[in-house]
Amino acid sequence: MTQKSAVKVPFLDLVSHHRPLLDELTAAFREAAEKAAFVGGPAVESFERAFATFCGTKHAIGVANGTDALRLAYLAAGIGPGDEVITAANTFIATVEAISQTGATPVLADIDPKTRLLDASAAEAAISPRTKALVPVHLYGQPAPMDTFRTLADKHGLVLIEDAAQAHGARWKGQRTGGLSDIAAFSFSPGKNLGSCGEGGAVTTDDDELARKVRMLRDHGQAKKYHHELEGYNARLHAIQARFLEIKLRHLDDWNATRRDRAARYSNALAGIEGVRLPFNHSDAESVWHLYVIETEGRDELGPFLGDRGVATGLHYPIPLHLQPPYARLGKEEGAFPHTERSARDLLSLPMFPELTDEQIDWVADGVKEWVDSRS
Ligand SMILES: Cc1ncc(COP(=O)(O)O)c(C=O)c1O
């Protein structure tokens, strides 16, 4: 082995992440097993209160995963057949799957090339008489400019929904995600900034009626056992996951602060490298750096080059949704969303997690520099 792979940098290190919490997590599991309390109940209610307080919202409703959180938020907001819902072409597929699953039609719009978030003017241009809702996505942990989207939604009478799956704790103009719209969806899949030890999600809102509907929808449409007001789903959060999440939530602000620090070290180390575009840091945004995504021509070579140095990288996401087979039916061909397409072609996610060491970040940054130098 050459000196080149002296430092190993995984993409994510959930083993180190959980190690300091293992006693608490194990005790939570033991307690749940001893009480045989596995789905819903006081553990879920306790986490819901804690997460609502964290987001600054009146309600948080635990659900089975982030995709269910989106679908139930959409359904509670009255989205269904005949409606159109606008979102970003560069999001994870779940944002869009959940739109289709309500019977509505997803309408994709291009991104702002600087922030890589849904572009407000592109979203406005996509509004039609059938548009029911706007869904900005806080991609990579970076909050979308929700005051701009609020104005747009109000102007056109639309529901405003956040996909906050990647942005627990991020702030736009000082206010946390989850409370920046009519209703918001979070994912707690294990690799998220707040991840369960399995699957989980939550819907947040200040609206009592929306909250009531989501609570029913997640539990077969019932508010009282076997009294079904609606046709719903089995989309409940497991009690054990709720306990794990409440334990981890206490550390989330610290983890997010560490991610910001790690991102700043990357940005300093990578500044000025020709041909490498770094993530944009908007002055009104406090990102929680779910991912640290650079863009460069030739990323298909940079990824393996870093791999040879022991650095794992990712692609979020390599094929925009309008070019994926299930959405060919939307009729948007290559060239429809040039900023999204260019970003998808050039993007590369570098390792990002709170436990990343200075040495690891410097090793990754040196690798990027070495690759750029090797090409000139
Ligand atoms: C932007 C975005 N939306 C929605 C989801 C769906 O969440 P889940 O995987 O918990 O269903 C994810 C996570 O994978 C995501 O990154």
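Predicted model: local features only at pLDDT ≥ 70, side-chain atom pairs only at ≥ 80, totals over all residues.
Student: Which elements give two or more residues to the shell around the ligand, and which element provides the largest share?
Tutor: Two elements give two or more residues to this shell, namely helix 4 (66-76) and helix 5 (93-101). The largest share amounts to three residues, and the element that provides it is helix 4.

Student: How many residues surround the ligand?
Tutor: The closest residues to the ligand are Gly-66, Thr-67, Asp-163, Ser-187 and Lys-192. The number of residues that surround the ligand is 15.

Student: At what distances do polar side-chain atoms of Thr-67, Ser-187 and Asp-163 lie from atoms of the ligand, and what percentage of the ligand's area does the protein bury?
Tutor: An oxygen atom of the ligand lies 2.5 Å from a polar side-chain atom of Thr-67. For Ser-187, a polar side-chain atom is 2.7 Å from an oxygen atom of the ligand. For Asp-163, the ligand atom is a nitrogen, at 2.8 Å from a polar side-chain atom. The ligand taken alone exposes 390 Å², and of that area the protein buries 91%.

Student: Which residues of helix 11 are buried, and what covers them?
Tutor: Helix 11 spans residues 338-346, and its buried residues are Thr-340, Glu-341, Ser-343, Ala-344 and Asp-346. The cover over these buried residues includes strand 13 (292-295), helix 10 (299-308) and strand 14 (347-350).

Student: Is Ser-343 buried or exposed, and which side chain does its own side chain join in a polar contact?
Tutor: Ser-343 is found in helix 11. Because its relative accessibility is 6%, Ser-343 counts as buried. Not counting residues up to four places away in sequence, Ser-343 touches Ile-111, Arg-116 and Glu-295. The polar contact of the Ser-343 side chain, at 2.7 Å, is with the side chain of Glu-295.

Student: Is Arg-116 buried or exposed, and what is its phi?
Tutor: Arg-116 is found in the loop between strand 3 (105-109) and helix 6 (120-125). Its relative accessibility is 4%, so Arg-116 counts as buried. Although Arg-116 is not a glycine, its phi is positive, at about 65°.

Student: Where does Ala-36 lie, and is Ala-36 buried or exposed?
Tutor: Ala-36 lies in the loop between helix 2 (22-35) and helix 3 (42-55). Its phi is near 50°, a positive value in a residue other than glycine. Because the relative accessible area of Ala-36 is 53% and the cut-off is over 50%, Ala-36 is exposed.

Notes
Residues numbered from 1 in each chain as written. Heavy atoms only, no water. Buried < 20%, exposed > 50% of the residue type's maximum accessible area, 1.4 Å probe, protein only. Helix = DSSP H or I, 4+ residues; strand = E, 2+ residues; numbered from the N terminus. Contact = heavy atoms within 4.5 Å. Near = heavy atom within 4 Å. Polar contact = N/O pair within 3.5 Å; in protein donor to acceptor, adjacent residues only side chain to side chain. Areas by Shrake-Rupley, 256 points an atom, 1.4 Å probe, with all protein chains shown as cover.
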